[in-house]
Amino acid sequence: MSKHLFTSGHTACSGCGQAMAARLVIDAAGPNTIVANSTGCLEVFSTKYPESAWEIPWVHSLFENSAAVASGIEAALIYLGKKDNINVIAQGGDGGSADIGLQAISGMLERGHDILYVCYDNEAYMNTGVQRSGLTPLETNTTTSPVGNNSSGNWRPKKPMPEIALAHGIPYVAIASVAFPQDLQRKVKKALSIKGPKYLQIHVPCPLGWRHEPSLTYQVAKLAVETGLYPLIEYENGVLSSRRQIKPLPVEEYLKPQGRFKHILNNPELLKKFQEVADNNIKKYNLKLENQAD
Amino acid sequence: MKEFLEGSLAVAEIVKLCKPGVISAYPITPQTHIVEELAQFVANGELGSQFVNVESEHSAASVVLGAVASGVRAYTATSSQGLFYMGEVLFNIAGMRLPLVMTCANRAISAPINIWNDQQDSVSLRDCGWAQFFAEDIQEAVDLHLIGYRLSEDKSVMLPVMVCMDGFALTHGIETVDLPTQEQVDKFLPAYQPLYKLDPADPMTLGALGDPEYYAEGRYAIQETFKETLGLIPKITAEFAEVFGRNYSGITEEYRTKDAERVIVAMGSVCGTIKEVIDELRVKGKKVGLLKIVSYRPFPAQAIYETLKNIPRVAVLDRALSLGSYAPLASEVKAVFFGKKKQPKVISSFIVGLGGRDITKDSIKEIFRLLVNKERSCEFIDLKPELLKENYE
């Protein structure tokens, strides 16, 4: 059995997409890596004292400051003359990244630190019980964007974090999915080969919060990509350098296994709006395979 | 070498001599001159630190946290709202047992917004697990940074130190300061040797989750360390005296208290004014004195007891409030004497110098005058009665 740098024995829920992605990220980064981790599920289930799942140096401080803590680590390594040999990764969930941690991330990106920021996007505050975040999709049923007579779920689309990162003029921005592990690991390695600030956002299903069977994590993540809802794209120096093209499936295929979207499936109007999100992505990033028959 | 220097520049000079590997700060009045000067040192190549210009105080504290966790000495400075914005990071740094020195240029807290000096900022964060030292003058502020690093990085301590200096009065005031040489500083303050650090050669997890089975012991350990720290400070200041020739207790300072009948307890630059008033009143035969608190955290209860136990009347000056309760320093000084056989007949509490209102020699004389057998609680000095007459009906 190969040795992983994120080991078994942690207490993540079965089918946790974030745990799978975290292992893929750190295995791709390798042992010469220091990680600063935001508060959240990943931190809680991997480092309950006196145990730790991390075989690399790892630090957790607070919810919103992993990008700033990583900036201090990077500055210290430069001072010690060790930065060239050590990767620095800051990571957190979607709430810790797109909401409460956005300022620290923006500062880190703007200052030009040689750091990879990884956002594990499971589309709500899962650690506190599935509350809406800035990366919660349109119409999603969460505990703070519940469905009711006056509400059809989350009232806003996802905050465009990759575009926000891109606007800082940084050399590398990419979106990956836990359902495409080779693509994910290639992007981690690519990012770490580039000097400067990098942003990687990874789609990671949460069976508990999304209300799908834990055995379906991989399939659900794959469907997000194949419907065009989560485009796998890559920007180098501000230019779109790769995209995964698809034969687009209707969004119902993605919505069906998930309890959080149950109210959409029976409502043609909501479904139409949801399909538009996918259609817009497909058009914007030219995701449709050209040789498709239709 | 003695130089006529602004307080902020003197602090920048001593920080330079302490050779932090990483400096990070966000500008806030009246801290700015300190970090501007340090940035200039780095720009000139006089100082080899990494200077990280952050987007907020929250990140300034987080950057130095990350730097110290990586095994490097670090420095930051802030004031007022900036200190509050750092608040949760400050608790975190102490909880993680990371040694650090920060300058707090003491300033009032909004609202109303006010950039001038009082001590509400650091006093409000007295529970965050940092040592807090209050300087009376610029020389003491300079020296407390050296003592602070030495104490903070001691293997038996490993806790952060906040050097508090009154905004403008000390940060922008100009005094003659004796700055040490690099050789002296290196002798007193060796290179930082971390107990633990983030290092791929020896991977460790820092900042783990402490559940109910473990959390309390971590907090208890800090509480116990602070008790021991009170014993360590005089040893460090004795070494300091050997190298630099200046004597500090580092905990409290007594001024003409031996035969005193009335003593003021105070922290910070106001102590200079109080000493002048005492000298004047002593000439007139009044038996008055001062107990200066240097170390607010750890709180020097025993030293306070020893100095004040036979003093009939004590006035505690607070430049901060605990709104809705007793004044912060006064309530703690009173707590020292609860249940003790020997204690002052009167411990009165006075509020002075809020939001930069001058504390004049007359203010101090008024406090001595009001220090009679009737105890006063949270008595505001130098209030303007004409401003209290608004009718909102």
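**Close-up views of a predicted two-chain model**

**Figure 1. Contacts and overall form of chain A.** In chain A, 67% of the contacts between residues at least 6 apart in sequence join residues at least 24 apart. The model shown here and in the other views is predicted. Chain A contains 12 helices and 10 strands. Its radius of gyration is 18 Å, close to the 19 Å that the globule rule gives for 294 residues, so chain A is as compact as a globular protein of that length. The C-alpha trace of chain A spans about 60 × 45 × 40 Å along its principal axes. Of the 294 residues in chain A, 55% are buried.

Figure 2. Ala221(A) belongs to helix 9 of chain A, which covers residues 217–226. Ala221(A) counts as buried because it has 23 C-beta neighbours inside 10 Å, the cut-off for a buried residue being 20 or more. Neighbours within four places in sequence aside, Ala221(A) is in contact with Gly17(A), Ser177(A), Val178(A), Ala179(A), His203(A) and Pro205(A). One of these contacts, Gly17(A), is 204 residues from Ala221(A) in sequence, while the C-alpha atoms of the two are 8.5 Å apart in space.

**Figure 3. The side of chain A that touches chain B.** Contacts between the chains involve 38 residues of chain A and 37 residues of chain B. On the chain A side, at least two residues each come from strand 1 (33–37), strand 2 (58–60), helix 3 (66–80) and helix 5 (102–111). Helix 3 of chain A gives the most, with 12 residues. Sorted by class, this side of chain A has 23 nonpolar, 12 polar and three charged residues.

**Figure 4. Strand pairing between the two chains.** Strand 2 of chain A is joined by two bridges to strand 9 of chain B (residues 205–206), and the two strands run parallel. Trp58(A) has Thr205(B), in strand 9 of chain B, as its bridge partner.

**Figure 5. Strand 15 of chain B and the strands paired with it.** Five of the six residues of strand 15 of chain B are buried, so this strand is largely enclosed by the rest of the structure. Strand 15 pairs with strand 14 of chain B in the parallel sense over six bridges. Arg313(B) has Val346(B), in strand 15 of chain B, as its bridge partner. From strand 14 the chain passes through helix 11 of chain B (residues 328–337) to strand 15, in a right-handed β-α-β crossover. Strand 15 of chain B also pairs in the parallel sense with strand 16 of chain B (residues 379–380), over two bridges. Strand 15, helix 12 and strand 16 of chain B make a left-handed β-α-β unit.

**Figure 6. The two faces of helix 12 of chain B.** Ser363(B), Ile364(B) and Ile367(B) are the buried residues of helix 12 of chain B, which covers residues 361–370. Viewed down the helix axis, these buried residues fall within an arc of 95°, so they line one face of the helix. They pack against strand 11 (262–266), helix 9 (270–283), strand 14 (313–318) and strand 15 (346–351) of chain B. The face of helix 12 turned away from the buried side carries the exposed residues Lys361(B) and Arg369(B).

Note on methods: Residues numbered from 1 in each chain as written. Chains lettered and ligands numbered in written order. Predicted model: local features only at pLDDT ≥ 70, side-chain atom pairs only at ≥ 80, totals over all residues. Buried ≥ 20, exposed ≤ 12 C-beta atoms within 10 Å, placed from the backbone. Helix = DSSP H or I, 4+ residues; strand = E, 2+ residues; numbered from the N terminus. Arc of directions from axis to C-beta. Contact = placed C-beta atoms within 7 Å. Nonpolar A, V, L, I, M, F, W, Y, C, P; charged D, E, K, R; others polar. Pairing = 2+ DSSP bridges. Rg over C-alpha atoms; globule rule 2.2 N^0.38 Å. Right-handed = clockwise from strand over helix to strand, strands pointing away.
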